[in-house]
Amino acid sequence: MKLLNRSALSVKPTQAFVDWINSLEPTVGEDDLTLDDVERESTVYLIPEMDSPEVLAAYVRERHLDLLENELSAWEEDARQWPEPLDWALFEQFLVVEHSYLALDLDDEVPLEISEIDDSLLLETDED
């Protein structure tokens, strides 16, 4: 087990976020996604080590648009379909952030790798 020099943020959707997802392709009843369905797709972000709630709050406030845009694009890549305005109020309405001070790597077999995100790998396309 290795201690990483990072903290972590777990970003989880709210019901308002799920309602927006369901509005993208209106379905009837049973086909709608639920909060439980979408929470299974929660994202964990590694962030610089944070030593106080005040520092964390400032960091999240500084990066909230990056987080919000990433979460929206995971469900709809066409930014014209995103709710407006993209601001702190929407971030608070759509996402809940949980913080962990420590990040541990339990995989003793495979070393960590750093790679740039390829959006095409994160998004399903109709061409598949």
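Analyst: Phe-17 and Trp-20 are both buried, where buried means under 20% relative accessible area, exposed over 50%, and partly exposed in between, with a 1.4 Å probe and protein chains only. This is a predicted model, in which local features need pLDDT of at least 70, side-chain atom pairs count only at pLDDT 80 or more, and totals for chains, interfaces and linings use all residues. Residues are numbered from 1 along each chain as its sequence is written, and side-chain values use heavy atoms, with hydrogens and water left out.

User: In which helix do Phe-17 and Trp-20 lie?
Analyst: Helices (H or I, at least four residues) and strands (E, at least two) are DSSP runs, numbered from the N terminus. Phe-17 and Trp-20 are three residues apart, about one turn of the helix. An α-helix has 3.6 residues a turn, so residues three or four places apart point the same way. The helix that holds both Phe-17 and Trp-20 is helix 1.

User: Are the rings of Phe-17 and Trp-20 stacked, edge-to-face or tilted?
Analyst: Rings of Phe, Tyr and Trp (its six-membered ring) pair if their centres lie within 6.5 Å; planes under 30 degrees apart count as stacked, over 60 as edge-to-face and the rest as tilted. The centres of the Phe-17 and Trp-20 rings are 5.7 Å apart and their planes are at 50°, so the pair is tilted.

User: How many residues apart are Trp-20 and Phe-94?
Analyst: The rings of Trp-20 and Phe-94 have centres 6.2 Å apart and planes at 40°, so this pair is tilted. The pair links distant parts of the chain, with Trp-20 in helix 1 and Phe-94 in helix 4.

User: What is the relative accessibility of Phe-94?
Analyst: Ring pairs link Phe-17, Trp-20 and Phe-94 into a cluster. Trp-20 is buried, with a relative accessible area of 8%. Phe-94 also counts as buried, and its relative accessibility is 4%.

User: At roughly what angle do the axes of helix 1 and helix 3 cross?
Analyst: Axes are lines fitted to C-alpha atoms, for helices over the stretch in contact, and angles run from 0 to 180 degrees between N-to-C directions. The axes of helix 1 and helix 3 come within 10 Å, and the crossing angle is roughly 35°.

User: Which residues of helix 3 make the contact with helix 1?
Analyst: Contact means heavy atoms within 4.5 Å. On the side of helix 1, the contact is made by Phe-17, Trp-20, Ile-21 and Leu-24. On the side of helix 3, the residues are Glu-71, Leu-72 and Trp-75.

User: Where is the kink in helix 3 centred?
Analyst: The bend at a residue is the angle between axes fitted to the seven residues ending there and the seven starting there. Helix 3 covers residues 53-75 and has a kink of about 60°. The kink is centred on Arg-63.

User: What is the omega of the peptide bond from Glu-84 to Pro-85?
Analyst: Pro-85 lies in the loop between helix 3 and helix 4. Most peptide bonds are trans. The bond from Glu-84 to Pro-85 is cis, with omega near -5°.

User: What pattern does the protein follow along the sequence?
Analyst: The protein has five helices and five strands. Read along the sequence, its pattern is β-β-α-α-β-α-α-β-β-α.
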